[in-house]
Amino acid sequence: MPTTSTSPLAKGAWYTLFILTLVYISNSIDRTAMSILIEPVKAEFDLSDSQLGLLTGLAFGVTYALAGIPMGWLIDRVNRTKLLAAVVATWSLCTALCGFAQSYPALVMARLAVGASESAAAPTAMSMIADLFPKNRRSTAMGIFWTSTAFGTAISLVLGGVIAANYGWRAAFFVAGVPGLILAVLILLTVREPIRERGLADKAGDPAPSMFQTLKFVCANPTVFHPFAGIGLASLAMSGVPVWAASFLVRTQDFTLPQAGLMAGLGVGIFGAMGSLLGGPLGDAVSKRWGVQTLPAVPMAACAMACVSGLVFALGSSLIVVAIGFIVFEIVSRAFTAPAYAILVTGVEPRMRGVVVSSVQAVTNLIGYGVGPLVVGVVSDRVGGANSLKFGIAAVMIFSLWSSLHFLAAWFAARKSERFVEGAAA
């Protein structure tokens, strides 16, 4: 049943959320730095769009997926603040190594290392946020956290383009690696490990569930399985637009690289962040008004709108239409994230969160951020011509619509779920 009660927060919740958001801004900068550098890297190594799609996506996503599950196992068992500090320092150093690459294979290897070390970031943060914020405030907290992807991507696109234009693409990687090293020290000195929430059937001293038990739980519960699948499918579309946006503007609108980076970066930074901030409170408002079981309706609607606006961006006939499509896409595609993850962490036992979120992050990075940009590049190469990217970006929008159907199924399932009905009063 719906409720308007407000549960108390854990000590230091807002400060920890602030640090976690900064960490994921650094994560997003290092992850997307390659996107704004596509054109100079293409020119130096004489690469095709398919090779660039591999470099921006699958080279990152494969090791992210392979490392993600073991990282999730650790998250459910070890001190999360120390683990987070270690991986932040590692991916920052690996990002700087990208700047030393003297060949395409060397650059791919460096991106593989970045992907592996970044795989623990979001699952660790989701696990900590779920322990710091109660169910009826969790979507808002996650909305704030997920603004990090918009801010990080914007910083990467805007500053990356300027640095690359003035000092070369290698310098952009060197600069991108610095913030994470500072944050790693800050985490160790100032962030306390949150007390883990007890599950419905947990007893004091109980070990975390095994991988098999967790997998069985996910497959047996549609309120977990459908959001899991929906997040993975939505990431295909979400990755396809930002990764190729700057190159799209260079090729179809005759922008220079700094101009394209500025427009794409501001669009992601302003409107993407707006979407993340709107999605979280909207999810909590829906939960308080109609019950937590109605929360899947928010990402369902957002994913359907993302499909439409993404097509407008890709196929628009004028710069104004393209810009409107991009703005709406950034708002609605990022508004889905906070309530989607709130559904996921609410539907599973607390000691399963590390493995489950790591698993969905592995899917989003391997299938979404890995295959998404690659699909755009492959379709672009197959179509050919100056406007081929239009069709590549349009092709991945079908996955956003598919995602909305999974959240529709999750909505129906949550209405019958005791866990979600009880969660409305928590």
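**Figure 1. Lining of the second largest cavity.** The second largest cavity of this predicted model is lined by Lys-135, Asn-136, Ser-139, Asp-284, Ser-287, Val-292, Leu-295, Ala-342 and Thr-346. A cavity is a set of points, on a 1 Å grid over the protein atoms alone, where a 1.4 Å probe fits but cannot get out, and lining residues have an atom within 4 Å of a point. Its volume is about 50 Å³, a volume being the space filled by probe spheres set on the points, which are joined across faces, edges and corners. Two or more lining residues come from each of H7, H12 and helix H15 (337-347), where helices are DSSP runs of H or I with at least four residues, numbered from the N terminus. With three residues, H7 gives the most to this lining. The lining divides into three nonpolar, four polar and two charged residues; Ala, Val, Leu, Ile, Met, Phe, Trp, Tyr, Cys and Pro count as nonpolar, Asp, Glu, Lys and Arg as charged, and the others, Gly among them, as polar. The count of cavities of 30 Å³ or more comes to five. Local features need pLDDT of at least 70 and side-chain atom pairs count only at pLDDT 80 or more, while totals for chains, interfaces and linings use all residues. Residues are numbered from 1 along each chain as its sequence is written, and side-chain values use heavy atoms, with hydrogens and water left out.

**Figure 2. Helix H12 and the residue that follows.** Helix H12 comprises residues 257-290, 34 residues in number, and reaches 47 Å from its first C-alpha to its last. This span is close to the 50 Å expected at 1.5 Å a residue, the expected value being 1.5 Å times one less than the number of residues. Gly-291 follows H12 and has a positive phi, near 100 degrees.

**Figure 3. The largest pocket.** The largest pocket has a volume of about 250 Å³. A pocket is an open set of grid points with protein on both sides within 12 Å along at least five of seven lines. The elements H1 and H6 give two or more residues to its lining. Among the lining residues are Lys-11, Tyr-15, Asp-131, Arg-192 and Glu-193. The lining holds five nonpolar, three polar and four charged residues.

**Figure 4. Aromatic pairs.** The count comes to twelve aromatic pairs; rings of Phe, Tyr and Trp (its six-membered ring) pair if their centres lie within 6.5 Å, and planes under 30 degrees apart count as stacked, over 60 as edge-to-face and the rest as tilted. Trp-14 and Phe-133 form an edge-to-face pair, 5.1 Å centre to centre with 75 degrees between the planes. Trp-14 lies in helix H1 (residues 13-36) and Phe-133 in the loop between helix H6 (121-132) and helix H7 (135-167), so the pair ties together parts that are 119 residues apart in sequence. Trp-14 is partly exposed at 43% relative accessibility, whereas Phe-133 is buried at 2% (buried means under 20% relative accessible area, exposed over 50%, partly exposed in between, with a 1.4 Å probe and protein chains only). Ring pairs also link Tyr-24, Phe-145, Trp-146 and Tyr-341 into a cluster.

Figure 5. Ile-367 lies in helix H16 (residues 353-383) and is partly exposed, with a relative accessible area of 38%. Leaving aside neighbours within four places in sequence, Ile-367 is in contact (heavy atoms within 4.5 Å) with Leu-236, Ala-362 and Gly-372. The C-alpha atoms of Ile-367 and Leu-236 are separated by 6.8 Å, although the two residues are 131 residues apart along the chain.
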